[in-house]
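Reader: I have this one open on my screen. Please walk me through it.

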Amino acid sequence: MSTPITAPPPPPFDERLVPQAVAVLRAERRARRTGVPLPAGSRGPSWRNTYATLADPLRLLLDHRRRFGPVFTIRTVHEPVVWAIGAPENHQILVSDADAYQWRESRFGDLHPVLGDGMLNIDGQLHHQLRRLMLPAFHREQVEAVADIMVSEGVRAAERLEPGAEIDLYAWTRELALRIALRGLLGLREGDSRAPALADAFERALGLYGHPFVVQLLRGPRTPYATAQRACGELDALVRALIDDHRAQGADAPGVLGLLLGATDADGQPLDEQLVRDQLVTLLFAGHDTTTATLTFMMYELGRTPAARAAVRTELAEVLGDRDPRAGELDGTTLPVLERTLDETLRRYPAAWVGPRRTVRDTEISGVKVPAGIAVHYCSWATHHLPDLFPDPLAFEPARFLPERAKALPKGAYVPFGGGSRMCLGKRFGQYGLRALAAVLLRRVDLDPDPGDAPRITTTPTLGPRGGLRFAVNAPTGRSTSP
Ligand code: HEM
């Protein structure tokens with residue numbers, strides 16, 4: 001029996017824009033009154049900066065860091081955001097001063113219409129208790145128990161890839177990653193007739209975040225927000241039916257769903273269905289977009305870097321021979337060249353590229369004062385492109401993650417999964433899935449990006465290739481060795 005979830009529910013979340021804007025104005029006014037100014041930077045309203053934050057944040061952030069130091073302000077739309085870029089700054093926000101920040105009223109709040117009170121939108125005791133409850137589902141043995149699903153789903157999809165074909169790898173992986181998440185997290189069986197409807201409603205709900213940020217903010221009957229709300233209604237009904245089925249059968253549900261359904265509240269009652277729904281949808285959300293984008297970018301870089309691709313393929317042949325990996329071989333140590341390639345992909349393209357927070361009290365980052373109630377963002381993507389930490393940062397070089405070099409990186413330098421008490425819950429699940437899919441694909445085909453189709457990066461909600469990314473499917477070529 002797990003420890004009951006005794007924490008009270010979070011305060012109601014106000015999705016209306018005006019109250020949110022008023023809260024921001026109040027925080028700024030208070031900061032002026034109490035004499036804790038915003039850090040230097042672009043503090044005035046600027047459409048140019050707002051646009052750049054959305055269109056090319058990496059360049060904007062690195063440029064501001066050069067001009068103002070590691071902690072600076074950029075006003076986006078109406079709101080000043082304090083950005084902190086650098087290894088010690090990340091460590092301070094994620095670990096040593098993590099209690100100075102909350103998530104719920106940060107930009108993660110934009111996800112509330114779809115995710116509700118899932119892990120990304122709660123703080124404090126409720127977050128802590130739910131995390132402790134779900135954590136066992138992400139222990140090594142549990143993830144290895146579903147790793148065969150990752151391999152078999154990958155094999156099934158990869159065997160349909162015909163040399164000579166052209167595919168949008170992003171769309172291909174997205175569908176596959178969602179199927180894996182539905183099976184591995186929600187316990188759906190192969191061929192479960194509920195899967196397509198769940199996937200469809202989920203994708204339509206998430207469609208909100210495919211629109212430009214300003215369009216996401218619109219409210220009214222024909223807006224993307226309204227469409228997402230309708231899709232959310234369908235998604236809710238489907239997830240609740242799944243929960244009811246498991247409860248009615250009295251059977252132990254597998255994995256994280258089992259842990260949530262087995263838990264009780266302070267009165268010894270099963271957890272509120274809405275709370276369970278919010279955790280499940282959040283896991284699906286956090287898990288499938290990130291995996292999809294990472295695999296696509298990995299194949300893009302390997303397609304452009306034949307030596308790196310050949311090195312991974314050689315390792316696969318040497319370690320696995322002529323078969324696909326077994327669960328235990330996806331632990332990150334058995335295939336070190338593949339692992340370095342994955343690490344380097346997550347350096348160049350950390351899918352969850354920004355960590356939004358809001359200060360709960362006056363604080364400081366690297367000696368720069370930051371007032372209470374202000375949005376603070378750390379950014380793995382920008383930190384991963386600081387030449388002091390990663391020389392020639394735009395080059396794709398898996399050898400950066402050779403053990404002796406990786407060990408020399410300071411704390412907070414490499415944070416694709418965040419850190420501290422809110423480190424990515426699904427890190428292991430995501431890594432096993434990525435290793436499995438990469439191995440299965442690289443054993444069978446070369447995926448060659450169209451040289452004229454460089455990815456145009458989108459940053460909402462995760463870092464991904466805007467409009468997908470096309471690859472030619474070819475028979476596999478060479479093997480070789482390199483770091
Ligand atoms: C390549 C794959 C993934 C990457 C790069 C990634 C990255 C991250 C990052 C950076 C955070 C922390 C954000 C912050 O500090 O603001 C995070 C949190 C989280 N991730 Fe992941 N993630 C991945 C896969 C997954 C998967 C597969 C799942 C679920 C199965 C998942 C579930 C979560 C959850 C629930 C949180 C919130 C944790 C908490 O608040 O305690 N992630 N992820």
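Reader: Which residue stands opposite Val 82 in S9?
Author: Val 376 in S9 stands opposite Val 82.

Reader: What should I know about the model and the numbering?
Author: This is a predicted model; local features need pLDDT of at least 70, side-chain atom pairs count only at pLDDT 80 or more, and totals for chains, interfaces and linings use all residues. Residues are numbered from 1 along each chain as its sequence is written.

Reader: Back to the strands. How do S3 and S9 run, parallel or antiparallel?
Author: S3 and S9 run parallel, joined by 4 bridges. Two strands pair if DSSP finds at least two bridges between them.

Reader: And S2 with S3?
Author: S2 and S3 run antiparallel, with 6 bridges between them. Phe 72 stands opposite Trp 83 in S3. The two strands form a hairpin with 2 residues between them. Val 77 sits in that turn, with a positive phi of about 50 degrees.

Reader: What holds paired strands together in general?
Author: Strands of a sheet pair through backbone hydrogen bonds, either parallel or antiparallel.

Reader: What is the order of the 6 strands in that open sheet?
Author: The order is S1-S2-S3-S9-S6-S4, with mixed pairing. The edge strands are S1 (41–42) and S4 (101–102), and each pairs on one side only.

Reader: How does S4 connect to S6?
Author: 2 bridges join S4 to S6 (residues 354–359), and the two run antiparallel. Arg 358 in S6 is the bridge partner of Gln 102.

Reader: Which strands does H4 touch?
Author: H4 (residues 87–96) packs on the sheet and touches S2, S3, S4, S6 and S9. Its direction makes about 125 degrees with that of S9. Angles run from 0 to 180 degrees between N-to-C directions; axes are lines fitted to C-alpha atoms, for helices over the stretch in contact. Contact here is between residues whose C-beta atoms, placed from the backbone, lie within 7 Å.

Reader: What about H3?
Author: H3 (residues 57–68) lies across S1, S2, S3 and S9, at about 130 degrees to S2.

Reader: How many residues of S3 are buried?
Author: 5 of its 6 residues are buried, and S3 is mostly covered. Buried means 20 or more other C-beta atoms within 10 Å of the residue's own; exposed means 12 or fewer, and partly exposed is in between, with C-beta atoms placed from the backbone.

Reader: New topic, the ligand. Which residues come nearest?
Author: Gly 287, Gly 355, Gly 418, Cys 424 and Gly 426 do, out of 25 residues around the ligand. A residue counts as near if its C-beta atom, placed from the backbone, lies within 6 Å of the molecule. H13 and H18 (427–444) are the elements that give two or more residues to this shell. H13 gives the largest share, 7 residues.

Reader: How does the shell split by class?
Author: The shell has 14 nonpolar, 9 polar and 2 charged residues. Ala, Val, Leu, Ile, Met, Phe, Trp, Tyr, Cys and Pro count as nonpolar, Asp, Glu, Lys and Arg as charged, and the others, Gly among them, as polar.

Reader: At what angle do H13 and H18 pack?
Author: H13 and H18 pack at about 35 degrees, with their axes 10 Å apart. Residues making the contact include Gly 287 of H13 and Gly 430 of H18. By class, this contact has 8 nonpolar, 6 polar and no charged residues.

Reader: And H8 with H13?
Author: H8 (residues 169–184) and H13 (residues 273–304) pack at about 140 degrees, with axes 8 Å apart. Their contact residues divide into 8 nonpolar, 6 polar and 1 charged.

Reader: Last one. What is the order of the 3 strands in the other open sheet?
Author: The order is S5-S13-S10, with antiparallel pairing. S5 (166–168) and S10 (446–449) stand at the edges with a single partner strand each, so one side of each has no neighbour in the sheet. H13 lies across S10 and S13, at about 85 degrees to S10.

Reader: Which residue in S13 is opposite Asp 168?
Author: Arg 470 in S13 stands opposite Asp 168.

How values were computed
Contact = placed C-beta atoms within 7 Å.
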